[in-house]
Amino acid sequence: KLQKKALSFADDGNTFALRDLSIVHSETIRTARDENERSCLHLAAAGGHYQCCRWLLTEAYVSRDVQDSENQSPLDVAIKSGHEKVIALLKVTQSNINSAEG
């Protein structure tokens, strides 16, 4: 149930709700997967939710390398959806992510 909430919040780009959930259930956000093995980051990237993606990477430490059931990474999903700002965020190295604002 908590994983479904996390996935729904990510799909909606609801960073505030994800933050609230992470206070007690941070591991749930990192490990949540839907029926197609998509992570919270996949869903946020597909929706073009830049701030949510940034939070998932920098605060929840969701892996950018996770693959769904079709071997698609969050970056692949963002490219397919055409969300340029999210694509740029997912391409930067972890050490440079804090300077990816723009």
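Predicted model: local features only at pLDDT ≥ 70, side-chain atom pairs only at ≥ 80, totals over all residues.

Trainee: Are α2 and α4 then roughly parallel or roughly antiparallel to each other, and why?

Mentor: Angles under 35 degrees count as roughly parallel. The crossing in which α2 passes α4 is right-handed.

Trainee: Which residues of α2 and α4 meet?

Mentor: From α2, the residues are Thr15, Leu18, Arg19, Ser22 and Ile29, and they meet Gln51, Cys52, Trp55 and Leu56 of α4. Sorted by class, this contact of α2 with α4 has five nonpolar, three polar and one charged residues.

Trainee: At what angle do α5 and helix α6 pack?

Mentor: The general idea again is to take an angle and a distance between two axes. For α5 (74-81) and helix α6 (residues 84-91), the angle is about 155°, and the axes are 8 Å apart. Angles over 145 degrees count as roughly antiparallel, and α5 and α6 are therefore roughly antiparallel to each other. Their crossing is left-handed. Pro74, Leu75, Ala78 and Ile79 of α5 make the contact with Val86, Ile87, Leu90 and Lys91 of α6. By class, the contact of α5 with α6 has seven nonpolar, no polar and one charged residues.

Trainee: How do the axes of α4 and α6 cross?

Mentor: The axes of α4 and α6 come within 9 Å and cross at roughly 15°. That makes α4 roughly parallel to α6. The crossing of these two helices is right-handed. On the α4 side, the contact is made by Tyr50, Cys53, Arg54 and Leu57, and on the α6 side by Lys85, Val86, Leu89 and Leu90. The contact of α4 with α6 has six nonpolar, no polar and two charged residues.

Trainee: Let us turn to the pocket. How much space lies in the largest pocket, and which residues line it?

Mentor: Rolling a probe the size of a water molecule over the atoms shows where empty space is left. In this model, the largest pocket holds about 180 Å³ of space. Its lining includes Asn36, Arg38, His42, Leu43, Asp68, Glu70, Val77 and Lys80. Both α3 (40-46) and α5 (74-81) supply at least two residues each to that lining.

Trainee: How many residues of each class does the lining have?

Mentor: The lining of the largest pocket has three nonpolar, five polar and four charged residues.

Technical notes
Residues numbered from 1 in each chain as written. Heavy atoms only, no water. 1 Å grid on protein atoms, 1.4 Å probe; cavity = no way out; pocket = protein on both sides within 12 Å on 5 of 7 lines; lining within 4 Å. Points joined across faces, edges and corners; volume = space filled by probe spheres on them. Helix = DSSP H or I, 4+ residues; strand = E, 2+ residues; numbered from the N terminus. Nonpolar A, V, L, I, M, F, W, Y, C, P; charged D, E, K, R; others polar. Left-handed = near helix turned anticlockwise from the far one by under 90°. Contact = heavy atoms within 4.5 Å. Axes fitted to C-alpha atoms, helices over the stretch in contact; angles between N-to-C directions. Parallel < 35°, antiparallel > 145°, perpendicular 65-115°, else oblique.
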